[in-house]
Amino acid sequence: MITNISIISLLVKDIDAAKAFYLDVLGFVEQNDITVGDGAYRWCTITHPSQPELQVQLTLPGPPYSPEVAATLRRAQDEGSLFGLGLDVDDCRKTHDELRAKGVEFIQEPAERPYGVEAVARDNSGNWLVLVERREFDPAAMG
């Protein structure tokens with residue numbers, strides 16, 4: 001029986017640069033960073049301090065993907081069209097201002113939604129980061 005989600009993978013352009021972004025800019029912590037086998041594969045995971053049981057693997061588009069699929073994924077990264085992570089925040093507007101001051105690119109300013117305040121940023125690999133300050137709402141009432 002499945003008991004939880006423990007690892008998710010996030011495609012990045014450069015593992016070192018992505019790791020620095022998530023640790024230094026967003027406040028994540030390093031979980032693992034090892035080279036596996038003959039040195040061709042790097043296993044790098046980070047976690048958020050308040051959710052250490054969920055590891056985010058930072059990985060490059062490459063094997064086991066075919067060269068054609070890896071190239072397609074790299075093009076999607078360059079276009080900034082890959083989904084990334086949804087992140088809960090205490091205060092979306094304040095977090096937006098703090099991250100913008102650190103150079104984070106936003107593609108959607110904080111906006112009111114039925115479920116809270118939401119902003120959308122990109123990490124340094126082009127992945128979307130959806131920041132949500134949640135509030136109680138009734139999805140059925142939305143019609």
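## Second largest pocket

The lining of the second largest pocket comprises six nonpolar, two polar and one charged residues; Ala, Val, Leu, Ile, Met, Phe, Trp, Tyr, Cys and Pro count as nonpolar, Asp, Glu, Lys and Arg as charged, and the others, Gly among them, as polar. Among the lining residues are Ile-15, Tyr-41, Arg-42 and Thr-59. A pocket is an open set of points on a 1 Å grid over the protein atoms alone, where a 1.4 Å probe fits, with protein on both sides within 12 Å along at least five of seven lines; lining residues have an atom within 4 Å of a point.

## Basis of the model

This is a predicted model, in which local features need pLDDT of at least 70, side-chain atom pairs count only at pLDDT 80 or more, and totals for chains, interfaces and linings use all residues. Residues are numbered from 1 along each chain as its sequence is written, and side-chain values use heavy atoms, without hydrogens and water.

Strands are DSSP runs of at least two residues, numbered from the N terminus, and two strands pair if DSSP finds at least two bridges between them. Strand E7 (residues 116-122) is largely enclosed by the rest of the structure, because seven of its seven residues are buried (under 20% relative accessible area, 1.4 Å probe, protein chains only).

Strand E6 (residues 105-113) runs antiparallel to E7 and is joined to E7 by six bridges; Glu-112 has Val-117 of E7 as its bridge partner. Two residues lie between E6 and E7 in their hairpin. Seven bridges link E7 to the antiparallel strand E8 (residues 128-134), where Val-132 is the bridge partner of Glu-118.

Note on methods
Buried < 20%, exposed > 50% of the residue type's maximum accessible area, 1.4 Å probe, protein only. Helix = DSSP H or I, 4+ residues; strand = E, 2+ residues; numbered from the N terminus.
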